[in-house]
Amino acid sequence: MKFGITANPHIPSALDSAKDVVARLEPVHEVTLESDLARVFGRTGMPLAHMKADVVLAIGGDGTILRALQLSDSKVLGINSGSLGFLAEVYSGEVDQYLDRIARGDYRVEERMRLKVTVDGERMFDCTNEAVVHTAHVVERVRADGVIVATPTGSTSYSMSAGGPIVDPHLDAIIVTAIAPFKPASRPHVFPATGQVHVRLEKPKECLLVMDGQHESTLKGTEDVVLTASERRAKFIRFRDDFYRRIEEKLSRQ
């Protein structure tokens, strides 16, 4: 089996976990490290987007996992090397038993929708969690600090913090939540994933488009930002179905 590994080499806990995983896998499997991580090992690596791996191991927190899903179409196993990683499936201390299960094919793949983001027809990065436009005047004549357009996966992230609903990730839907709306009557909306959400500024001014917290694009404010379901699905490796337990854990730590 071909494994790809990504981790932030500047975070000691992630780097230590990556070293343990590499030592565990290399005797029997083909392992490719992402370029920045490989340099720490004194090796030649490969950009994540160019890896042809059966499984990508994303070691770190939710940001690392989202980045792996954004840049790769491989199946992704999130390995949490720090605090509660909501998207992670296993903790670094228990990874050995789960690597054995992956090698045996003893797992399931959970596919979740991603958002396709285009700006004036130009395709940007797909989002597993959300795309956020930070500005002062947004769609539907709603005055707010910005707007969050999220997937069900992202409904438990920034969208939830802004007052959006929790949506089961087995559903396909688009959740639109205003950030700090000036009118309390402005409520979150949930749209079918087959539709399109357009974000336009009523009064053009410079604003910022942030995709999954990983990539930023500065806009002039005259653009048409269109969001709909992507044909590319996020592929999570799962060993259990515990979404609501994770919600309870996350909320108890707020």
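**Notebook: aromatic rings and a buried strand**

I began with F243, which counts as buried at 8% relative accessibility (buried means under 20% relative accessible area, exposed over 50%, partly exposed in between, with a 1.4 Å probe and protein chains only). A note on the basis before going on: this is a predicted model, where local features need pLDDT of at least 70 and side-chain atom pairs count only at pLDDT 80 or more, while totals for chains, interfaces and linings use all residues. Residues are numbered from 1 along each chain as its sequence is written, and side-chain values use heavy atoms, with hydrogens and water left out.

**Entry: ring pairs**

I looked up Phe, Tyr and Trp rings (Trp by its six-membered ring), which pair if their centres lie within 6.5 Å; planes under 30 degrees apart count as stacked, over 60 as edge-to-face and the rest as tilted. The count comes to three aromatic pairs. One of them is Y98 with F239, a tilted pair at 4.6 Å centre to centre and 45° between the planes. I found Y98 in helix α4 (residues 95-104) and F239 in the loop between β19 (234-238) and α6 (243-252), 141 residues apart. Helices (H or I, at least four residues) and strands (E, at least two) are DSSP runs, numbered from the N terminus. Are Y98 and F239 buried or exposed? Y98 is buried at 9% relative accessible area, and F239 is buried at 14%.

Back to F243: its ring centre lies 4.9 Å from that of Y244, with the planes at 80°, so I logged the pair as edge-to-face. Y244 is exposed, with a relative accessible area of 53%. Ring pairs also bring in F86, making a cluster of F86, F243 and Y244.

**Entry: a charge over a ring**

I checked R112 next: its charged end sits over the ring of F236, 5.0 Å from the centre (the rule asks for NZ of Lys or CZ of Arg within 6 Å of the ring centre and within 35 degrees of the ring normal).

**Entry: strand β3**

Why is β3 (residues 55-60) largely enclosed by the rest of the structure? Six of its six residues are buried, so the strand is largely enclosed. In a regular strand the side chains alternate between the two faces of the sheet. Here I saw V55, L57 and I59 point one way and V56, A58 and G60 the other, all buried.

For neighbours, I noted that strands pair if DSSP finds at least two bridges between them. β1 (residues 2-7) pairs with β3 in the parallel sense over five bridges, and F3 stands opposite V55. Six bridges join β3 to β4 (residues 75-80), also parallel.
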